[in-house]
Amino acid sequence: MSEKSKLSIGRVIRNDLWMLKKISKYTPQYIFWMIAEGVIWGIHHSISVIFTQQLFNALGRNAGFEPTAKIILYFAVYVLLFWIFNNWYWSVYNPKIRQRMHIELHSELFSHAVNIDIAKYDDPIFYNDFVWSMEKAYNHANDLMVDVGKLINRLVASVTLTGILFSVDATMAIIIFALSIFRMVLSVFRNKTRLKYVEALNPLDRKDEYIKRVFKLPDYAKELRITKVSDNLTEELEINTIQKKKVIKKYGKLFALFNILEYGLSIIGESGLIILMLYKVMITKEVELGGFAVAVNACWKMSWLLRDLVGRSMKIHEHGIFIEKMIHFINCKPTVVGGKEKASTFESLEIRNLDFSYLEAQPKNVLENVSLKINKGEKIAIVGYNGAGKTTLTKLIMRLYDPVSGDILYNGKDLKEYDIESLRQKISAVFQDYRIFASSLAENVAGGGFVNEDRQRILDALKKSDFTSKLETLDNGIDTILTREFDKTGTELSGGEKQKVAIARAFYKDADLIILDEPSSALDPDAEYELNRSIAEYSGDKTVVFISHRLSTTRHADRIYMFDSGRLIESGSHEELIKLNGKYAYMFNLQAEKYR
Amino acid sequence: MAEKNKEKKIKLPIRKIVSDNIFMLKLLHKSSPFLVASCLIVALLDAVCSFISDTFLLRFALNGINENRSFIEIASVIAVWLLIRLAIISIVNLYYRLYYDIKITDVKKDVHSIVYSKATTVDLACYENPEYYDEFVKAIDECSTRSESVINSLINIVYTIVRFATNFTLVVIIDPVLLIFSFIPLVTVPLRTKLNKARYRKEMDLKEENRRKDYSRRTFYLADYSKEMRLTDMSSLMLVRFRESGAKVIGLLHKHGIKIGVLDYLITVCNEVVTTLGATLYAVWQTFVTGKIGYGDCIVIINSIENISYTLTYTTDDLLLFQENALYIENLRSFLDYAPKITDGDKALPESGDIVLKDVYFKYEGASDYTLKNISMRFGKHEKVAIVGHNGAGKTTLVKLLLRLYDCEGSITYGGEEIRDLCIDEYRNIFSAVMQDFHTFALTTAENVLLRKRTPDDDEIIKNALQQSGLFEKVEQFEKGIDTVMTKEFDEKGELLSIGQQQKLAISHVYSKDNRFVILDEPSSALDPIAEYEMYNQMNDACKDCAMVFISHRLSSAVMADRIYLMEKGEISEVGTHEELMKLNGRYADMFRRQAQNYAEVDV
């Protein structure tokens, strides 16, 4: 927070303007009506003051019933019209235009989101900004609109009001103005103190929230009962409360002082003003009764307007600081961009002297000097323990990332020369952390664009991934809605079933190269083994790459690549590697030992 | 129809509302005796002061002009009142900032402590009952905000009553006919109810589509989905879904917006035009035509009518807040009143002994089938027992029964005593358990090992425990050693551990205690085979003098156990040592061979 508030004022204003420009691109009408509403409301504030003045003048002059009644009636008509506008705008128009802006803003964010490098997800600063854009950008954009509208409103109101005050009495106008400025300055200080106060409380509040969460969530329920850790937590709560009270006391003194100063001086000013106006009404008779009423009425209105003016400006400043995040996100250009060439049928994949690390800043390579080749029709296994770099390799092949150095050749040509879409059509990967979408089974297999003619292909894909028996139990077949996200009757699949759907995706795509990243640890080793065998069988002459940390499940591969801490250390068939009696053989023996 | 039922459900009888609010006030009073009383006095002072300043003084000045009183007289009254007001404002501000804010912090903490200590005693089964869990979450989330809200509503209502009463009296004194105008806002009450309902309905109608939109949005930025969104065609589907829902939302907003706008308009017009301007017109008529009131009073009346109409309009909101608070307090009370079904017995804890299960049956609340059936087992006081079986066989449920997190049918005894007859805390204390879903708490490393309050003598214990679990070297690298706070939850300098290290930390807890029974539920899931092997060796050494129960679906780890129970579909299907079970040549042997098969040729 403190770091961000270092942005220069100019930068902040530019950010705000950037956002307003975006909004005017999404929904130009919104900008127009925001300004119009601000001006109308601003004038409205002054019109009510003028009405009070006229009414009191009429009373003071003893103008008689009819002229006075006329003033009231005119004002009544005005009020009726004003509220029609106000209610139309806030109840009908504004909610709709906001929503429209929400849709357009997010559509732009979404299309940008799927284009940025996946590597960016690992950059915490960028990812933070990304998530912020997706979650909060709209709120700040809309609040910016509201606050700018109100700012216009306050400006128009305070300017017109000042005019009215001067037309009544210059001394009064100056006193009121001075008082308002004084309160405005105080409120700037108070807001600053408040920010510090909130900042001081923030870590303490977070601790409170954490303790609350531990007591609330079912995850922790067992530990709370079988250990005494709840004592530690309540102790933390006590300590935290004492610290909180210290902060509250420290700032409480300041706030009390601010308030007393502000209210005290305002009261003195107001009372003085009333005495002055009484003097002018009663003794010098410079001012009419209406002027007296304006003084009382305008005094608090003016200071309220100016204080709010400050409040809004601060908020607009704050929006500008936050909007920086969205600008950062939108301006990020993808570096993984495709070439022109369409990928042809898979023949071979060759990796040469490949180095890779996730963060440029991090010197430790996830993959180091890896070279290997995969030919059409082969069943390849890539094995090694967690952190060996197996999954990373898959991601590189899919061009989710680009290597730091070295080459990946698809059919003898650099991966970067191919159009990404066409390349990803040829390769299909089932990841460890596959996701099921809250959508129909068919859509989960085929994606969004499927048409009726594709139904048979979807069924075939599900059959190959051994999902058929489950499919038979589903009433709506492939139109069954998955997950209970939106549909209470939706079907929740088990871990194994989800995986089969994910595998069906790969079959549906009819890709030439299928990469099967290791299944979740929930799957027993025997089940994993069975799965690998059945996939090898169904894939026919397609090329398949199995990835696993269980050496037992991939024994039948044509060739095994053994990885250790990012390096390819051994390769060959199972028998060859055992004969080699290296690391693979050692690991395999270790895992097998307990079964002897 | 269903909607109507729901609306009915949220209405409480007035007696309940009163008693709930009083319940909370009593709670507050107990935690901070003078808070409530002092609050009311200060609110009263504040309200009276503002009436005198805004209304009474205005009347005095205007009538003074009208009646040609001397300027000095009026000015000096205003000046004197100014001094009084300054004093009152100082008192009020000092009170709120330096007394109230601090006391309320204490009150919130006390209320939380009450709720938290209750939370640890409710039955685990409550977490699985959505209705009860909902109540539980609401109680924890809302208890402190509601305690403050009850006081605030009370202050509000005092303020409103004073404001209403004083203005009302003034109007009655000047011209009772004007009261007709002040009661016009009551006409709008049904309109307001309608408006609230329309708003509620709008929210309800929008909920579904907004949820859909949110879901689509999540798929675009959560890292989990990032690969699928790039590699499959899902992104276009999600975008289309998003826009479709958005269009529906706009339609709904239009429909509801018009209704809400019209209702709101009628209410505003009723207040602003009919009441305020109507009363003004009447007062002006009385001034000019009948001459009954002077213009000073005329102005004051206009002001007062506005005040009365305002209070009448908004007291309903104030009162609704009491009702809303009552709903949450009702929830809190029913949470606090919950009597756990798993209760303490009065027998003394046996010095030592075996745990014996006999004919145990168990099913989760609301489930139609038994999770555990006909279970009889024995855990000897120095035995190493393995429970193996596939996922879903009921292994973890069995552990929960052993820890008496649930009660079951049949009998479980410890040292010959039914565990129901023992004090729960004492009984649970004989165990150290590492659960499948262990957690690292945002406390210091030391506290995470101990999972209890730390005393100065504990340092040695902690170090030993960490050494045994193999985490000591890692902890020594931390700047603050065992005092380092774990996770970055609220300490930027906190340390993050990998899953494997977290598991080791959880296992350290076992070494920090003087155990009679150690339970390990899939303790090696995040460890690689070598670390797993070491962990078992170490644990076996540490558990020489106590019993050990471990659970796994990897049969290889069961070989060294004194006894193995194979569980299938909630039942024990085979019992014996590894050799016995292999000889038996049943399901266990079959499973073992299948798992071993892939390694078989290494033997050759």
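This is a predicted model: local features need pLDDT of at least 70, side-chain atom pairs count only at pLDDT 80 or more; totals for chains, interfaces and linings use all residues.
**Entry 1: the contact between the chains**

I started with chains A and B. In chain A, 118 residues are in contact with 116 residues of chain B. I then looked up which helices of chain A supply that side. At least two residues each come from α2 (28–60), α3 (65–113), α4 (124–168), α5 (170–216), α6 (221–226), α7 (229–284), α15 (525–538) and α17 (583–593) of chain A. The largest share, 30 residues, comes from α7(A). I also sorted the side of chain A that touches chain B by residue class. It divides into 62 nonpolar, 28 polar and 28 charged residues.

**Entry 2: domains of chain A**

I checked the domain assignment next. For chain A it gives domain 1 (4–330) and domain 2 (348–436 + 493–593). The centres of these two domains, taken over C-alpha atoms, are separated by 56 Å.

**Entry 3: domains of chain B**

Chain B is assigned domain 1 (14–174), domain 2 (176–292) and domain 3 (353–430 + 556–598). I noted 59 Å between the C-alpha centres of domain 1 and domain 3 of chain B. Their contact takes four residues from domain 1 of chain B and six residues from domain 3 of chain B. On the domain 1 side, I found two nonpolar, one polar and one charged residues.

**Entry 4: a hairpin in chain B**

I ended with strands β9 (residues 563–568) and β10 (residues 571–576) of chain B. They run antiparallel and are joined by five bridges. Leu566(B) has Glu574(B) in β10(B) as its bridge partner. The hairpin has two residues between the strands, and Lys569(B) takes a positive phi near 45 degrees there.

Conventions: Residues are numbered from 1 along each chain as its sequence is written. Chains are lettered from A and ligands numbered from 1 in the order in which they are written. Two residues are in contact if their C-beta atoms, placed from the backbone, lie within 7 Å. Helices (H or I, at least four residues) and strands (E, at least two) are DSSP runs, numbered from the N terminus. Ala, Val, Leu, Ile, Met, Phe, Trp, Tyr, Cys and Pro count as nonpolar, Asp, Glu, Lys and Arg as charged, and the others, Gly among them, as polar. Two strands pair if DSSP finds at least two bridges between them. Domain bounds come from an automatic or database domain assignment.
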